[in-house]
Amino acid sequence: KMLADKNLIRVLAACETMGNATTICSDKTGTLTMNRMTVVQAWFAGQLVEEKPSDAVNGLGKCRDLVMKGLCLNTTASLSEDTHPDGTNKVIGNKTEGALLLLLKECGVDPSAMRYKGFNASTD
């Protein structure tokens with residue numbers, strides 16, 4: 001059936017994953033060709049932000065730290081020390097979650113340090 005629909009699948013596990021998806025975030029020029037994803041718009045505090053999502057995160061006021069901790073701690077992705085030619089870190093793991101970590105990095109936050117601190121209460 002998938003072949004009849006002209007769907008090219010390289011990894012069958014991807015079909016199972018996509019079957020459970022309720023929202024698909026993709027950027028035809030970046031994700032599909034370069035295997036990279038970035039946040040280009042976001043919904044924060046009841047407001048759609050399309051210009052520069054990192055400014056929206058920094059403008060959250062009292063909620064800022066909670067949102068940042070949530071993004072850092074509720075992820076299976078991490079950022080590599082290796083970088084792409086444009087200077088952005090390479091993502092290890094889920095590309096969508098990695099895009100959120102890159103957004104935090106744009107906000108001046110070190111996701112690895114925040115994650116370490118969040119899981120090690122003795123560092124407070």
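**Helix packing, core and a loop glutamate**

Helix 4 and helix 6 (residues 111–119) pack with their axes 9 Å apart and at an angle of about 90°. Helix 4 is therefore roughly perpendicular to helix 6, a label for angles of 65 to 115 degrees. Axes are lines fitted to C-alpha atoms over the stretch in contact, and angles run from 0 to 180 degrees between N-to-C directions.

This is a predicted model: local features need pLDDT of at least 70, side-chain atom pairs count only at pLDDT 80 or more, and totals for chains, interfaces and linings use all residues. Residues are numbered from 1 along each chain as its sequence is written, and side-chain values use heavy atoms, without hydrogens and water.

**Overall fold**
- The protein chain has six helices and four strands; these are DSSP runs, with helices (H or I) of at least four residues and strands (E) of at least two, numbered from the N terminus.
- Their order from the N terminus is α-α-β-β-α-α-β-β-α-α.
- Of the 124 residues, 25% are buried (under 20% relative accessible area, with a 1.4 Å probe and protein chains only).
- Among contacts (heavy atoms within 4.5 Å) with a separation of 6 or more, 40% link residues 24 or more positions apart.

**Helix 4 against helix 6**
- Helix 4 contributes Met 68, Lys 69, Cys 72 and Leu 73.
- Helix 6 meets them with Pro 111, Met 114, Arg 115, Gly 118 and Phe 119.
- By class, this contact has six nonpolar, one polar and two charged residues; Ala, Val, Leu, Ile, Met, Phe, Trp, Tyr, Cys and Pro count as nonpolar, Asp, Glu, Lys and Arg as charged, and the others, Gly among them, as polar.

**Nonpolar core**
- The largest nonpolar core has 21 residues, and Phe 44, Val 57, Met 68 and Leu 104 touch the most other members.
- Such a core is a set of buried Ala, Val, Leu, Ile, Met, Phe, Trp, Tyr and Cys residues joined through side-chain atoms within 4.5 Å.
- Strand 1 (42–44), helix 3 (53–58), helix 4 (64–73) and helix 5 (95–106) each supply at least two core residues.
- Helix 5 gives the largest share, five residues.
- Beyond its neighbours within four places in sequence, Leu 104 contacts Met 68, Leu 71, Cys 72, Val 109 and Pro 111.

**Glu 50**
- Glu 50 sits in the loop between strand 2 (47–49) and helix 3.
- Its relative accessibility is 49%, so Glu 50 counts as partly exposed (between the buried limit of 20% and the exposed limit of 50%).
- Not counting residues up to four places away in sequence, Glu 50 touches Val 40 and Gln 41.

Conventions. Angles under 35 degrees count as roughly parallel, over 145 as roughly antiparallel, 65 to 115 as roughly perpendicular and the rest as oblique.
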